Amino acid sequence: MQLEQINRRGLVLLGCGKMGSAMLEGWLSRGLALNATWVNDPNPSPWLKGLANRGLRLNADLPENPAVALIAVKPQMMGEALPALRSYGGGDTLVMTVAAGTTIATYESVLGQATRIVRAMPNTPAAVGRGITAIIGNAQATAEDLDLAEALLSAVGQVVRLEGEHQMDAVTAVSGSGPAYVFHLIEALAAAGEAEGLPADLSMQLARATVCGAGELAARSPETAAQLRINVTSPGGTTAAALGVLMDAESGFPALLRRAVHAAAERGRELGK
Ligand SMILES: NC(=O)C1=CN([C@@H]2O[C@H](COP(=O)(O)OP(=O)(O)OC[C@H]3O[C@@H](n4cnc5c(N)ncnc54)[C@H](OP(=O)(O)O)[C@@H]3O)[C@@H](O)[C@H]2O)C=CC1
Ligand SMILES: O=C(O)[C@@H]1CCC=N1
């Protein structure tokens with residue numbers, strides 16, 4: 001992958017909280033050089049400070065012409081944060097952003113229309129190389145820019161290219177926010193086990209291992225999700241009893257997730273205004 005190019009010219013990370021750190025952790029473990037990495041963040045974590053002791057440039061002057069400048073601040077902080085990257089506008093640096101909602105037009109209005117921009121929506125499993133990121137470039141982004149973005153993001157999981165920016169809020173609602181839904185499923189399953197009389201720690205161990213194991217099976221098996229579900233469901237058995245509740249048209253998972261994903265996509269659209 002093009003890590004050599006990035007190690008030669010540098011990578012700037014503007015904002016390095018939960019998402020920025022998840023990606024940085026993945027990249028460092030795959031060969032990104034600490035001394036080729038500039039991080040600007042007003043409240044760096046102890047982990048970042050530790051990396052700074054080993055060569056990462058933390059809150060230092062930014063390089064003139066890095067290969068990539070990645071924006072990972074909250075959309076609400078964008079107005080304050082973005083001007084720090086103005087010198088990269090219209091130049092050789094590929095500006096990438098992972099912020100939810102904020103549109104390409106907003107970046108172009110601050111950095112200039114000639115700026116090559118790739119908008120990306122990753123998720124936190126990137127920290128263990130199991131993320132999925134959707135990308136879309138602006139009109140100035142070249143095929144090489146998209147290849148570079150894809151190569152960088154492939155180091156932390158799968159990458160998909162979108163047909164248009166209009167798909168980004170729905171993507172955010174499914175895969176960007178999605179890990180939180182799954183973690184909440186673990187919490188809720190553990191709580192339900194407790195309500196059936198299991199000790200809290202045993203119930204949590206069962207719930208967590210079940211979600212992880214089912215996820216790994218879904219990742220490795222050629223079977224569809226529907227078939228994997230059917231494989232668990234003995235006719236007239238316990239799973240069928242539970243699925244009768246979970247697949248209820250009005251009160252089950254499909255209706256609930258439809259509402260949840262819609263709420264997330266709506267919030268993305270609001271953040272973009
Ligand atoms: N978390 C996730 O799972 C995902 C997040 N995203 C996107 O990633 C972005 C970051 O989210 P997340 O990591 O969760 O948020 P965090 O708040 O954890 O991280 C943002 C970081 O940026 C810092 N920051 C604030 N202002 C500036 C500034 N002017 N210059 C540089 N850094 C600044 C913040 O510091 P301080 O805490 O002091 O404000 C914080 O450390 C968001 O735009 C979000 O939409 C996308 C996909 C998934
Ligand atoms: O909650 C958020 O707004 C961000 C975007 C996707 C995941 N976290």
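The C-alpha centres of domain 1 and domain 2 lie 32 Å apart in this predicted model. Domain 1 covers residues 3-168 of the protein chain, and domain 2 covers residues 178-271. Where the two domains meet, 7 residues of domain 1 are in contact with 4 residues of domain 2. The side of domain 1 that touches domain 2 is made up of 3 nonpolar and 4 polar residues, with no charged residues.

**Overall features**

The protein chain contains 12 helices and 8 strands. Its C-alpha trace spans about 65 × 40 × 35 Å along the principal axes. Of its 273 residues, 32% count as buried. Among contacts between residues at least 6 apart in sequence, 67% join residues that are at least 24 apart.

**The sheet**

An open sheet is formed by 8 strands, in the order S3-S2-S1-S4-S5-S6-S7-S8, and its pairing is mixed. Strand S3 (57-58) and strand S8 (157-161) are the edge strands, each pairing on one side only. Strands of a sheet pair through backbone hydrogen bonds, and the pairing may be parallel or antiparallel. Both senses occur around S6, as the table shows.

| Pair | Residues of the partner strand | Sense | Bridges |
|---|---|---|---|
| S5 and S6 | S5, residues 94-97 | parallel | 3 bridges |
| S6 and S7 | S7, residues 131-137 | antiparallel | 4 bridges |

Strand S6 takes in residues 117-121 and is mostly covered, with 5 of its 5 residues buried. Ile117, Arg119 and Met121 point one way from the strand, while Val118 and Ala120 point the other way. The buried set therefore includes residues on both sides of S6, a residue being counted as buried when 20 or more other C-beta atoms lie within 10 Å of its own.

On the S7 side, valine 118 is bridged to glycine 137 of S7.

**Helix H7**

Helix H7 runs over residues 168-176, and its buried residues are Met168, Asp169, Val171, Thr172, Ala173 and Gly176. An α-helix has 3.6 residues a turn, so residues three or four places apart point the same way. The cover over the buried residues of H7 includes strands S6 and S7. Helix H8 (178-195) and helix H12 (253-271) are also among the elements that cover these residues.

**An annotated position**

The unreviewed UniProt entry places a "binding site" feature at Asn59. Asparagine 59 is found in the loop between S3 and strand S4 (68-71). Asparagine 59 counts as partly exposed because it has 13 C-beta neighbours inside 10 Å; a residue with 12 or fewer would be exposed, and one with 20 or more would be buried.

Methods. Residues numbered from 1 in each chain as written. Chains lettered and ligands numbered in written order. Predicted model: local features only at pLDDT ≥ 70, side-chain atom pairs only at ≥ 80, totals over all residues. Helix = DSSP H or I, 4+ residues; strand = E, 2+ residues; numbered from the N terminus. Pairing = 2+ DSSP bridges. UniProt positions renumbered as here; feature names shortened; annotations may be inferred. Domains from an automatic or database assignment. Nonpolar A, V, L, I, M, F, W, Y, C, P; charged D, E, K, R; others polar.
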